[in-house]
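Subject: Handing over a structure, with notes

Dear colleague,

I am passing on the structure below, and I would be grateful if you could look through it before you read my notes, which follow directly after it.

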Amino acid sequence: MVKIRQIVVGGVAVVAAGLFAVTLAQAADVSGAKSKGIGPTVKIHRGEQCVEPTEDMRRNHMKYILHQRDKTMHQGIRTAKHSFKNCVDCHADPKTNSVQGQDGFCSSCHEYASVKIDCFSCHTDKRDKNAVAVAPFKGTAAKGAPP
Ligand code: HEC
Ligand code: HEC
Ligand code: HEC
C-alpha cells in the first residue's frame, strides 16, 4: 500500500517567515493525488504509522534524531525507536531504495523547504535490502511483504 500525500502550504511568505513547520500541520491527505505544485508530495510506502504521531514527526523529527544521536554517542543509550537506520528502512522509495534523490522521502520535503542536511555524507540513504519489520512498533511491514 502506498500513501501519497500532498503537503499544502499557505504560501511562500509563510515559509519565509519560518512558520513552515506550523503550516505543515494543516497538511491535507489527498491519497492518490498528483502534486499541483503547491507543496511537496510525501509518499509513504511502508508501515501504518511512524515512530511518533505524524503531526509530531512533521514538526519534531529532527529533534528526535539529533537527540538520539547525542544520547547514543554521549550516554551510550541505544534504542531502536528513533534509530536513523529505521527511518531509512521505512521511508526509502522502493524504486531507488533511497530516501534521497528525486521523490526521495527526506529530500523531496527538504528541497521544498530549502533544508540542507549533511547526514548522508556518513549515514547511508539506502534501505538495507534485508530490512524487515521494524519491531516493536505496530503496523510495520510484515516480514517478507513487498515494500
Ligand atoms: C515503522 C516504519 C517507520 C519508521 C521506522 C519511521 N517512520 Fe516516519 N512515517 C511512517 C509512516 C507510515 C508515516 C505516515 C503515517 C500517517 O499516515 O499518518 C510516517 C510519517 C513521517 C513523517 C511525516 C510525513 C508527513 O506526511 O508529513 C516524517 C517527517 C517522518 N515519518 C520521519 C521519520 C523519521 C525521521 C524517522 C526515524 C526516526 C521515521 N520517520 C521512522 C513510517 C515510519
Ligand atoms: C514533511 C516534510 C519533511 C520530511 C518528510 C522530512 N523533513 Fe526533515 N525537515 C523538514 C523541515 C521543514 C525542516 C526544518 C525545520 C526547522 O528548521 O525548524 C527539517 C529539518 C531537518 C533536520 C535538521 C536540519 C538542521 O540543519 O537543523 C534534519 C536532521 C532532518 N530534517 C532530517 C530528516 C530526515 C532524515 C528525513 C527523512 C527520514 C526527513 N528529515 C524528512 C521537513 C521534512
Ligand atoms: C561525520 C560523520 C557523520 C555525520 C555527518 C552524521 N553522523 Fe550520525 N553517526 C555517525 C557515527 C560514526 C555514528 C555512530 C554509529 C554507530 O555507533 O553505529 C552515528 C550515529 C547516529 C545515530 C545513532 C545510531 C542510529 O543509527 O540511530 C543517529 C540517530 C544519527 N547518527 C543521526 C544523524 C543525523 C540526523 C545526522 C545529520 C544531521 C548525522 N547523524 C550526521 C557519523 C555521522
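This is a predicted model: local features need pLDDT of at least 70, side-chain atom pairs count only at pLDDT 80 or more; totals for chains, interfaces and linings use all residues.

The shell holds 20 residues in total, and Met62, Cys87, Cys106, Cys109 and Ala113 are the closest to ligand 2. Four helices each supply at least two residues of that shell, namely H2 (20–24), H3 (54–75), H4 (84–91) and H5 (105–113), and the largest share, five residues, comes from H5.

To place these helices in the whole, the protein chain has five helices and two strands, and read from the N terminus its elements follow the order β-α-α-β-α-α-α. Of its 147 residues, 18% count as buried. Among the contacts between residues at least 6 apart in sequence, 62% join residues that are at least 24 apart.

The largest nonpolar core consists of eight residues, which are Val42, Cys87, Val88, Cys90, Ala92, Val99, Phe105 and Cys106. H4 and H5 are the elements that give two or more residues to this core, with H4 providing the largest share, three residues. Cys106, which belongs to this core and is also among the residues closest to ligand 2, is in contact with His91, Val99 and Gln100 once its neighbours within four places in sequence are left aside. Within H5, the buried residues are Phe105, Cys106, Ser107 and Ser108, and what covers the buried residues of this helix includes S2 and H4.

Proline 40 sits in the loop between H2 and strand S2 (41–44). Is proline 40 buried or exposed? Proline 40 has 21 other C-beta atoms within 10 Å, and because the cut-off for a buried residue is 20 or more, proline 40 counts as buried. Although proline 40 and glutamate 111 are 71 residues apart in sequence, their C-alpha atoms are 8.4 Å apart in space.

Two backbone angles also deserve a look. Most residues other than glycine have a negative phi. Asparagine 97, in the loop between H4 and H5, has a positive phi near 65 degrees, and serine 114, in the segment after H5, has a positive phi near 55 degrees. As for their surroundings, asparagine 97 counts as partly exposed, because 17 C-beta neighbours lie inside 10 Å, whereas serine 114 counts as exposed, because its C-beta neighbours inside 10 Å number 9.

Finally, a word on confidence. The protein chain averages a pLDDT of 71, and 55% of the residues score at least 70. Over residues 9–36 the pLDDT is below 50, although this stretch has 36 contacts in the model beyond near neighbours in sequence. The pLDDT also stays under 50 over residues 133–147, for which the model has 20 contacts beyond four places in sequence.

With best wishes

Conventions
Residues are numbered from 1 along each chain as its sequence is written. Chains are lettered from A and ligands numbered from 1 in the order in which they are written. A residue is near a molecule or strand if its C-beta atom, placed from the backbone, lies within 6 Å of it. A residue is buried if 20 or more other C-beta atoms lie within 10 Å of its own, exposed if 12 or fewer, and partly exposed in between; C-beta atoms are placed from the backbone. Two residues are in contact if their C-beta atoms, placed from the backbone, lie within 7 Å. A nonpolar core is a set of buried Ala, Val, Leu, Ile, Met, Phe, Trp, Tyr and Cys residues joined through C-beta atoms within 7 Å. pLDDT is the predictor's confidence in each residue, from 0 to 100.
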